[in-house]
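Subject: Handing over the structure

Hello,

Here is the structure I promised to pass on to you. Please open it first, and then read my notes below alongside it.

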Amino acid sequence: MKRISILFVIILSLFILSSCSKIETKNKEDYIDMLYNYHTLGKKDTACIDLRTLNEYGKGHLKGYINYNFENGSSEEFIIFVTNIYNKDTYIFLIDESGEYVNIASKLLKDEGYKHIVIYEEGYNSLVEYASNYILVVEGTDDCGC
């Protein structure tokens, strides 16, 4: 009986660990690779969120990214924004200007139970400079992602 109890605890622990939320901080290459594989090729349900101001977003953003002005919103509003659109198994890609907001937003999402959060901390301009041949930058605030 003792062996069964120990085995049950081990299996339960593995299940809990495997279902935990995970924040993945990626370098330029890995962020672009994951974005391409999951979002562009449609291998996973994804959400791409640009946390910069609407003005910065309008001057240029990665195609397919939606805007949430994290600077002017609250933590509660951000969670409502995401939970009303995306389920907790969605791969959420976050980007901002400097890495400050992606860290805050990713922790909020993790605490809310989102399992797959991918962030890039070096900022939007750094990513665009690096990957200008691989990603499409569009202007304006009405990006349907198509």
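A term to begin with: rings of Phe, Tyr and Trp (its six-membered ring) pair if their centres lie within 6.5 Å, and planes under 30 degrees apart count as stacked, over 60 as edge-to-face and the rest as tilted. With that in hand, you can look for the cluster that ring pairs make out of Tyr68, Phe70, Phe78, Phe81 and Tyr101.

Some ground rules before going on. This is a predicted model, in which local features need pLDDT of at least 70 and side-chain atom pairs count only at pLDDT 80 or more, while totals for chains, interfaces and linings use all residues. Residues are numbered from 1 along each chain as its sequence is written, and side-chain values use heavy atoms, with hydrogens and water left out.

The overall layout

The chain has six helices and seven strands. Helices (H or I, at least four residues) and strands (E, at least two) are DSSP runs, numbered from the N terminus. Read from that end, the order of the elements is α-β-α-β-α-β-β-α-β-α-β-α-β. Of the 146 residues in the chain, 38% are buried; buried means under 20% relative accessible area, exposed over 50%, and partly exposed in between (1.4 Å probe, protein chains only). Contact means heavy atoms within 4.5 Å. Among contacts between residues at least 6 apart in sequence, 70% join residues at least 24 apart.

The aromatic rings

How many aromatic pairs does a search of the whole structure find? There are eight. In one of them, the rings of Tyr31 and Phe93 have centres 5.7 Å apart and planes at 85 degrees, so this pair is edge-to-face. Tyr31 sits in helix H2 (residues 28–40) and Phe93 in strand E5 (residues 91–95), so the pair ties together parts that are 62 residues apart in sequence. Both Tyr31 and Phe93 are buried. Phe70 and Phe78 are also an edge-to-face pair, because their ring centres are 5.3 Å apart and their planes are at 75 degrees. Phe70 and Phe78 are both buried too.

How the helices cross

Two packed helices are described by the angle between their axes and the distance between the axes. Axes here are lines fitted to C-alpha atoms, for helices over the stretch in contact, and angles run from 0 to 180 degrees between N-to-C directions. Angles under 35 degrees count as roughly parallel, over 145 as roughly antiparallel, 65 to 115 as roughly perpendicular and the rest as oblique.

The axes of helix H4 (residues 75–83) and helix H5 (residues 100–112) come within 10 Å and cross at roughly 60 degrees. That makes H4 oblique to H5. On the H4 side, Ser75, Phe78, Ile79, Val82 and Thr83 meet Ala105, Leu108, Leu109 and Glu112 of H5. By class, this contact of H4 with H5 has six nonpolar, two polar and one charged residues. For these classes, Ala, Val, Leu, Ile, Met, Phe, Trp, Tyr, Cys and Pro count as nonpolar, Asp, Glu, Lys and Arg as charged, and the others, Gly among them, as polar.

The axes of H2 and helix H6 (residues 124–131) also come within 10 Å, and they cross at roughly 80 degrees. That makes H2 roughly perpendicular to H6. Here Lys28, Glu29, Tyr31 and Ile32 in H2 meet Ser126, Leu127, Tyr130 and Ala131 in H6. The contact of H2 with H6 has five nonpolar, one polar and two charged residues.

Ile49 lies in strand E2. Is Ile49 buried or exposed? At 0% relative accessibility, Ile49 counts as buried. Leaving out residues up to four places away in sequence, Ile49 touches Tyr65, Ile66, Tyr68, Phe81, Val82, Tyr86, Ile92, Phe93, Leu94 and Ile95.

Ser106 is in helix H5, and with 1% relative accessibility Ser106 is buried. With the residues up to four places away in sequence not counted, Ser106 touches Ile23, Leu94, Ile117 and Ile119.

Asp45 is in the loop between H2 and strand E2 (46–50), and Asp45 is exposed, with a relative accessible area of 54%. Among the residues that Asp45 touches, not counting those up to four places away in sequence, is Tyr91. Tyr134, in the loop between H6 and strand E7 (137–138), is exposed, with a relative accessible area of 61%.

Enjoy looking around!

Best wishes
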